[in-house]
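Let's take a walk through this fold together, one neighbourhood at a time.

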Amino acid sequence: MLTLPNILTLSRIVTVPLLAAFLWWPEWRTGYAIAFAIYCLMGITDYFDGYLARAQGTVSKLGVFLDPIADKIMIAAVILMLVGKGVVADFHLIAALIILLREITVSGLREFLAQLQVSIPVSQLAKWKTTFQLVAFGALILGQSVPQYPWVALLGLVTLWSAAVLTAITGWDYLRVGLKHMDT
């Protein structure tokens, strides 16, 4: 159970409070720079835990269970912190809400379908959605550290909306497939 991929996944979960702590003080630009570094490290471990598990043939039930949870905890924490600190505000809240609602809905749907022993594979579009989310939130965090470069925050908002669109599309795709397995 304590394979390197699982340890990487667990490290993402236990690092979330540290990430949130560095996002807590909006007037401390260095905190945002440290948060950005932590966020990037978490994103890298997200890639490598799956890669190593497949390459080493150590894909485990624990890893399959924890990996999406780690992703959702990280994304939800970053959304909450950025919204709470006013980095994501006004109508951009809609994009963040779409992302958060989709993550919760798909998690519930996967849990329901798992009881039926139905698995929904991750689509290529969902992988792009994740990439856009990671870039968006990374740029929004970094943008707070380097306000002299407003294009960084703008990039974050543009990719946030792109991620929200992909999130809605992939969420609908998962829901459509899941509805076929539900009783009427």
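Start with the rings: those of Phe, Tyr and Trp (its six-membered ring) make a pair if their centres lie within 6.5 Å, and a pair is stacked with planes under 30 degrees apart, edge-to-face over 60, and tilted for the rest. By this rule there are 5 aromatic pairs. Take Tyr-47 and Phe-48: their ring centres are 5.0 Å apart and the planes sit at 80 degrees, so this pair is edge-to-face. Ring pairs also bring in Tyr-51, making a cluster of Tyr-47, Phe-48 and Tyr-51.

Before going further, a word on ground rules. This is a predicted model, where local features need pLDDT of at least 70 and side-chain atom pairs count only at pLDDT 80 or more, while totals for chains, interfaces and linings use all residues. Residues are numbered from 1 along each chain as its sequence is written, and side-chain values use heavy atoms, with hydrogens and water left out.

Tyr-47 has a relative accessible area of 52%, so Tyr-47 is exposed. Phe-48 has 36%, so Phe-48 is partly exposed.

A charge counts as over a ring if NZ of Lys or CZ of Arg is within 6 Å of the ring centre and within 35 degrees of the ring normal. Lys-85 lies over the face of Trp-24, at 4.3 Å from the ring centre. Arg-110 does likewise with Tyr-174, at 5.0 Å from the ring centre.

Now for the helices, which are DSSP runs (H or I, at least four residues) numbered from the N terminus. The expected span of a helix is 1.5 Å times one less than its number of residues. Helix α3 (residues 61-84) has 24 residues and reaches 35 Å from its first C-alpha to its last, close to the expected 34 Å. Its buried residues include Leu-66, Met-74, Ile-75, Val-78, Ile-79 and Leu-82. The buried residues of α3 pack against α1 (4-23), α2 (29-56), α4 (92-115) and α5; contact here means heavy atoms within 4.5 Å. Just after α3, Gly-86 takes a positive phi of about 80 degrees.

With a relative accessible area of 33%, Ile-73 is partly exposed. Leaving aside neighbours within four places in sequence, Ile-73 is in contact with Ile-13 and Val-16. The C-alpha atoms of Ile-73 and Arg-12 are separated by 9.0 Å, though the two residues are 61 residues apart along the chain.

Next comes α4, with 24 residues and a reach of 36 Å from first C-alpha to last, close to the 34 Å expected. Among its buried residues are His-92, Ile-99, Arg-102, Glu-103 and Val-106. The buried residues of α4 pack against α3, α5 and α6 (150-179). After α4 comes Gln-117, with a positive phi near 60 degrees.

What does His-92 touch? Not counting residues up to four places away in sequence, the list is Leu-157, Leu-160 and Trp-161. The side chains of His-92 and Trp-161 make a polar contact at 2.9 Å. (A polar contact is a pair of N or O atoms within 3.5 Å; within protein, one must be able to donate a hydrogen and the other to accept it, and residues adjacent in sequence count only if both atoms are side-chain atoms.) His-92 has 16% relative accessibility, so His-92 counts as buried.

Over in helix α5 (residues 124-145) you'll find Ser-145. Ser-145 counts as buried because its relative accessibility is 13%. A polar atom of the Ser-145 side chain lies 3.4 Å from the backbone oxygen of Arg-29. Beyond neighbours within four places in sequence, Ser-145 is in contact with Arg-29, Tyr-32 and Ala-33.

Finally, look inside. In soluble globular proteins, nonpolar side chains tend to be buried together. A nonpolar core is a set of buried Ala, Val, Leu, Ile, Met, Phe, Trp, Tyr and Cys residues joined through side-chain atoms within 4.5 Å. The largest one here has 30 residues, and those with the most contacts inside it are Leu-19, Phe-137 and Leu-160. Helices α1, α2, α3, α4, α5 and α6 each supply at least two residues of this core, and α3 gives the most, with 7 residues. A second, separate core of 6 residues includes Val-106, Leu-113, Ile-120 and Tyr-174.

Methods. Buried means under 20% relative accessible area, exposed over 50%, partly exposed in between (1.4 Å probe, protein chains only).
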